[in-house]
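Colleague: New structure on the screen. Please walk me through this one.

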2 protein chains.
Amino acid sequence: MTSAYAFAMEMQSQAQADTSGKPHGKAAPAGGRPLRADAERTVTAILEAAERTLGRDPAATMEQIAEAAGVARTTVHRRFATREVLVDALALWATRRFAAAVAEARPDTAPPLVALYRTTANVLAIKVGWGFAMSQASSADPEVARIHAEVRETCERLFVRAREAGVLRPDVDVPWTRQVYYALIHQAAQRRDDSDPDALATLVVDTLLRGAGTPHPDRL
Amino acid sequence: MTSAYAFAMEMQSQAQADTSGKPHGKAAPAGGRPLRADAERTVTAILEAAERTLGRDPAATMEQIAEAAGVARTTVHRRFATREVLVDALALWATRRFAAAVAEARPDTAPPLVALYRTTANVLAIKVGWGFAMSQASSADPEVARIHAEVRETCERLFVRAREAGVLRPDVDVPWTRQVYYALIHQAAQRRDDSDPDALATLVVDTLLRGAGTPHPDRL
DNA sequence: ATAACTTGCAACACTGATGACGCAAGTAGC
DNA sequence: GCTACTTGCGTCATCAGTGTTGCAAGTTAT
């Protein structure tokens, strides 16, 4: 991980929204102003540890997360007032990377097949390693929901273009195709073994387009 | 649901195993002997309510499950000593139906394509409505794990036969194909709308075999 | 009708997780 | 080196969920 900083800090400023304040007293101490270098390192360590830990067990304890991050539990609470704030921050962080990965593939302008391939490879690279955070698509955070909806629409636009370009059959159901596409990516991201993003992307795109059947059997 | 009784009672007898006994005192009162009619109705109501409730929120409370079943929380505990016992019972119940649905399609003897279609339709019929229970494949209960492993192998045997019969391409990776197949079924089961099992099965099989691409484009 | 069973209710104990503090020691940055 | 910040640690309060028990009222089956 290179610079989680910028993201992490945005998280903090988001976090201070303090939607309702179910717990007793105060919210996160998170002010918008810059953190000292060591503090930023800690925040990053916590977010990464949270991903690893929650990835294995979504019900993991703040204690376990703290331990994985190599910090005291109280320190986690200092940075993220509540568990919810932490999870939301994680989700937002990963979601923005996700959106950036999609945008980078220029899905609205590149030739459909190229865009499809590049998008797949980019997204795959994010998904392996940020599996838990990406599973929080149905986050309470409206920003996360918004971004996911946006990506969803981008994806469907791409499929429409692909259909018009003759890459997809004229009769395909775009929403269904997108769901299948998501499912394939998810499945590919699970493979712990051969994790070369390009090979996986090829597998996904190939499966999506050709399926597993023989070209022209006299079927059914 | 017609007769959940036989299943539910088997659950109970499984449940009494009392693996370690983490809580204080005793385990489930579940003896192997028959329940009175009203008690059986209650057990069934609880299992079905658990499915519905946990389907929406896997972290749902025993209280919420009880409420959904129209029963007091203490009654739930009377029938299922711990939350774990309840979830295991649910998983085992659904898993057996699942296995039965697969077996009914004669996946080892029917012509591959027929078997594939029938299996899909049967499994789909189980999965919609028992989504949560079926997601417990990685249950602590060894019986559940065993059945799932068995079905998995049956599925792969079917795919091998399909490949040899020319239904699947000679170069397909069977484990990957099975994963994709599972994912497609899962995806199809999500569709709350057009829930005709046959239509969904057609969609799944069609997608698996043909994919979404045009037959023979000059691709890549 | 009666004996056995089942349920709801109220109450209680226990546990694990969460969140908040204050303080002492250590570190970053000027 | 001085100041401000950050962290670990110990501690405490609170809470939600779980599991248990006793009893009165209702139901089932014979």
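Modeller: One term to begin. A residue is near a molecule or strand if its C-beta atom, placed from the backbone, lies within 6 Å of that molecule or strand. This is a predicted model, where local features need pLDDT of at least 70 and side-chain atom pairs count only at pLDDT 80 or more, while totals for chains, interfaces and linings use all residues. Residues are numbered from 1 along each chain as its sequence is written, and chains are lettered from A and ligands numbered from 1 in the order in which they are written.

Colleague: OK, how many residues surround DNA strand C, and which are the closest?

Modeller: DNA strand C has 25 residues around it. The closest are A:Ala37, A:Met62, A:Thr82, B:Thr42 and B:Thr75.

Colleague: Which elements give two or more residues to that surface near DNA strand C?

Modeller: From chain A, they are H2, helix H3 (62-69) and H4. From chain B, they are H2 and H4. Helices here are DSSP runs of H or I with at least four residues, strands are E runs of at least two, and both are numbered from the N terminus.

Colleague: And which residues come nearest to DNA strand D?

Modeller: A:Thr42, A:Thr75, B:Ala37, B:Met62 and B:Thr82, out of 25 residues around DNA strand D. Chain A gives two or more residues from each of helix H2 (37-56) and helix H4 (73-79).

Colleague: How many of the residues near DNA strand D are charged?

Modeller: 8 are charged, with 9 polar and 8 nonpolar. By class, Ala, Val, Leu, Ile, Met, Phe, Trp, Tyr, Cys and Pro are nonpolar, Asp, Glu, Lys and Arg are charged, and the others, Gly among them, are polar. The surface near DNA strand C also has 8 nonpolar, 9 polar and 8 charged residues.

Colleague: Switching to chain A. How many helices and strands does chain A have?

Modeller: Chain A has 10 helices and 0 strands. Of its 220 residues, 40% are buried. Buried takes 20 or more other C-beta atoms within 10 Å of a residue's own, exposed 12 or fewer, partly exposed is in between, and C-beta atoms are placed from the backbone.

Colleague: What is A:Ile46 in contact with, beyond its neighbours within four places in sequence?

Modeller: A:Ile65, A:Ala69, A:Val71, A:Val76 and A:Arg79. Contact means C-beta atoms, placed from the backbone, within 7 Å.

Colleague: How many residues does each chain bring to the contact between A and B?

Modeller: Chain A brings 24 and chain B brings 23. In chain A, helix H9 (174-190) and helix H10 (197-210) each supply at least two residues. H9(A) gives the largest share, 6 residues. The chain A side has 12 nonpolar, 9 polar and 3 charged residues.

Colleague: What about the loop between H9 and H10 of chain A, which residue is found there?

Modeller: A:Ser195 is one of them. A:Ser195 counts as partly exposed because it has 14 C-beta neighbours inside 10 Å. The C-alpha atoms of A:Ser195 and A:Thr177 are 24 Å apart, with the two residues 18 apart along the chain.

Colleague: Backbone check: which residue has a positive phi although it is not a glycine?

Modeller: A:Arg106, at about 45°. A:Arg106 sits in the loop between H5 and helix H6 (112-127) of chain A. B:Arg106 has a positive phi too, about 50°.

Colleague: Is B:Arg106 buried or partly exposed?

Modeller: Partly exposed, because B:Arg106 has 13 C-beta neighbours inside 10 Å.

Key
Two residues are in contact if their C-beta atoms, placed from the backbone, lie within 7 Å.
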